Amino acid sequence: MKKNVVFYANCQGIQIWCVLRLSKIFMEFYEDKLNYITNYHHLYNKTELNYSLIQQADLFIYQPIDKKHGVYSTDLSVPGNVLSYCKPSCVLISFPYIYQSAMWSLIKPAKIDDLSGGYGNYDKYVNREVILALKKKGLTLKQVLQMWDQNSIDFNYQSRYENNLQILREKEALTDIKVSDFIDRHIHTKFLFLTQNHPTSPIIVHCVNQIFKKLKIDDELELFNLRADFGYEKPQKGWPVSKYDIQFWKFEYKSQEDSNATNFYKDIIKNIWNQ
């Protein structure tokens, strides 16, 4: 009888499942069925988890959820925590909330980044402080938009990147799967993120190959040539890449900004200004 896999994660869990299914060896042992509990949906709506599904899991793949979330937490110190419903024989594999917001100058708010990721300020634009500081100095909106055109705004890419990476490494202290070093090694050379919380195939394949090792499955997928069908891994599905992003990161895979980038980010600047 094949075993059941259950996920307790954000959409990154679905990405991992899509790649796991590409392994014939893995699928010899596990049911071809996505059993998925969306952590942020339950955190936001305070709805009851599918405990019966958790109890049926032979392999439980999850993102750690802080103990402050009570019964939705995976912290073993919390009475009635999610992991307490897993049967003794269940294999537990944890992976971090994969996040990097410093690939872009500014980012729209995302509730999920705080609820299950713990990154805070989910109702605020990411890196809004740069624009608000210019406003506090007495500059007008027109002047700031002109500064955008002149490439003269400092969006603090390096400090933001290092901060995000440090938070990720702190999260990895609690997880079986690690991705921070992989991101740091390939950030300039490979297309790794569509949005701050939507990694692309190479990161997910890197996670899956680690899962194979944990399960002692003799398989390893190609990191940079494999493309899983996540339904949204297309450049137009991600945040536009601007001239600022290219100028700082010096991407080896992209040298021209996206055609909609200027209008997209100028609209964000206006929204931050008028909040």
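Trainee: Which residues in α6 meet Ile269, Ile272 and Trp273 in α12?

Mentor: Arg128, Ile131, Leu132 and Lys135 do, where contact means heavy atoms within 4.5 Å. Before we go on, this is a predicted model, where local features need pLDDT of at least 70 and side-chain atom pairs count only at pLDDT 80 or more, while totals for chains, interfaces and linings use all residues. Residues are numbered from 1 along each chain as its sequence is written, and side-chain values use heavy atoms, with hydrogens and water left out.

Trainee: At what angle do helix α6 and helix α12 pack?

Mentor: Axes are lines fitted to C-alpha atoms, for helices over the stretch in contact, and angles run from 0 to 180 degrees between N-to-C directions. Helix α6 (residues 128-136) and helix α12 (residues 261-274) pack at about 60 degrees, their axes 10 Å apart. That makes α6 and α12 oblique to each other: angles under 35 degrees count as roughly parallel, over 145 as roughly antiparallel, 65 to 115 as roughly perpendicular and the rest as oblique.

Trainee: How are helices and strands picked out, and in what order do the four strands sit in the sheet?

Mentor: Helices (H or I, at least four residues) and strands (E, at least two) are DSSP runs, numbered from the N terminus. Strands of a sheet pair through backbone hydrogen bonds, either parallel or antiparallel. Two strands pair if DSSP finds at least two bridges between them. Here the open sheet has the order β2-β1-β3-β4, with parallel pairing. β2 (35-38) and β4 (91-94) each have a single partner strand, so one side of each lacks a neighbour in the sheet. From one strand to the next, the twist averages 15 degrees.

Trainee: How many bridges join β3 to β4?

Mentor: Four, with β3 covering residues 59-62. Find leucine 59 and you'll see valine 91 of β4 opposite. Helix α10 (residues 201-215) lies across β3 and β4, at about 150 degrees to β4.

Trainee: Cysteine 207 is in helix α10. Is that residue buried or exposed?

Mentor: Cysteine 207 is buried, at 0% relative accessible area. Buried means under 20%, exposed over 50%, partly exposed in between (1.4 Å probe, protein chains only). Leaving out residues up to four places away in sequence, cysteine 207 touches Ile16, Ile98, Ile177 and Val179.
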